[in-house]
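User: I am new to this structure and would like to learn how to read its features. Could you walk me through them one at a time?

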Amino acid sequence: MSATDFTLWVIQCIVEFSIGLYVLDLISGIVHMHLDYQEVKSRKLRLHVENNIKDVIKFEKDDPLFYDATPNDQFLWNFHVHHDAPYPSLDSEWELMMQIVRPLSLPYLLSVGLCYMGYMPPTFARIWFGALTAGPLMQKTHFGAHARNHGVLTYNTWGGAVICFLQDYGVLLSPAVHKKHHEEFDCNFCIFNGWANPVVNQLRVAFSWTGWYPLEAPTTQARRERAEEAAAADKMGNPKGMDKLGSMKLKHRQTASAKY
């Protein structure tokens, strides 16, 4: 192989690798956006909030509001509560990875079959399989952004320095980019590196404009409704102190000032 051929091969690898990462980021953003915009049907559960993982675990284990809810409401509340208790993860790193592996396994096997039968062009196959293979890492990059913001991930170790460097240069998800999602909830859904955010953000706008998604993000709506109920409780007075309305007011204030 000549030097020119080798250079072209390296460039091709870099381009295909980059496209694969973009595809992965795009998939992560679309799935994340779709789940964020699904509504918890039980209003009481939808408005319930916990501000740290310890309380989330206790609530899901002990409170009939959660364990008597439908499986779909349980899944969505568990997914949405990440906005209020963002770090650390409720699930182990292994479970986070398996949450991606399980839904990806069928598309992966189907893709292997299509590739084997010759229905997948080689270039597309390399990009597609690269994206699917890197897929299980997306929650790692996601919580890496949160870990950086909480001071857990730093430049002080060589491993941390590598990840922080890649975050700072946009190869992995930047804490600053993802922070906007936890402030506004209707944008920046992509969780691998954020490259596809501009496309997914425009998709969200289009879906809201057509009525497929509500104009207001469900988390924003829930926080607004909690604030309205807390304000109503303040107006009426709350003689029992820390009853359910009082507790809701406290948790709403904690949520409003929580660190992403």
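Predicted model: local features only at pLDDT ≥ 70, side-chain atom pairs only at ≥ 80, totals over all residues.

User: Which side chain does Glu95 meet in a salt bridge?

Analyst: The general idea comes first. Side chains of opposite charge can pair when their charged atoms come close. Here, Glu95 forms a salt bridge with Arg102, at 2.7 Å from N to O. Arg102 is partly exposed as well, with a relative accessible area of 44%.

User: Which residues do salt bridges with shared partners join into one network?

Analyst: That network consists of Arg43, Glu225 and Glu229.

User: How many salt bridges are there by this rule?

Analyst: The count comes to eleven. One of them pairs Arg226 with Asp84, with 3.9 Å from N to O.

User: Where do Arg226 and Asp84 lie?

Analyst: Arg226 is in helix α12, which covers residues 218-236, while Asp84 is in the loop between α5 (71-80) and α6 (93-116). The pair therefore ties together parts that are 142 residues apart in sequence.

User: Are Arg226 and Asp84 buried or exposed?

Analyst: Both Arg226 and Asp84 are buried.

User: Which salt bridge does Lys140 make?

Analyst: The side chain of Lys140 meets that of Glu93, at 3.0 Å from N to O. This pair, too, links distant parts of the chain: Lys140 belongs to helix α8 (residues 138-149) and Glu93 to helix α6, 47 residues apart. As for accessibility, Lys140 counts as partly exposed at 48%, whereas Glu93 counts as exposed at 56%.

User: Now for the cysteines. How many disulfides does a search of the whole structure find?

Analyst: A disulfide is a covalent bond between the sulfur atoms of two cysteines. In this structure, the search finds zero disulfides.

User: Is Cys187 buried or exposed?

Analyst: Cys187 is buried, as its relative accessible area is 8%. Another cysteine to look at is Cys164, which is buried with a relative accessible area of 0%.

Note on methods:
Residues numbered from 1 in each chain as written. Heavy atoms only, no water. Disulfide = S-S within 2.5 Å. Buried < 20%, exposed > 50% of the residue type's maximum accessible area, 1.4 Å probe, protein only. Salt bridge = Lys/Arg side-chain N within 4 Å of Asp/Glu carboxyl O. Helix = DSSP H or I, 4+ residues; strand = E, 2+ residues; numbered from the N terminus.
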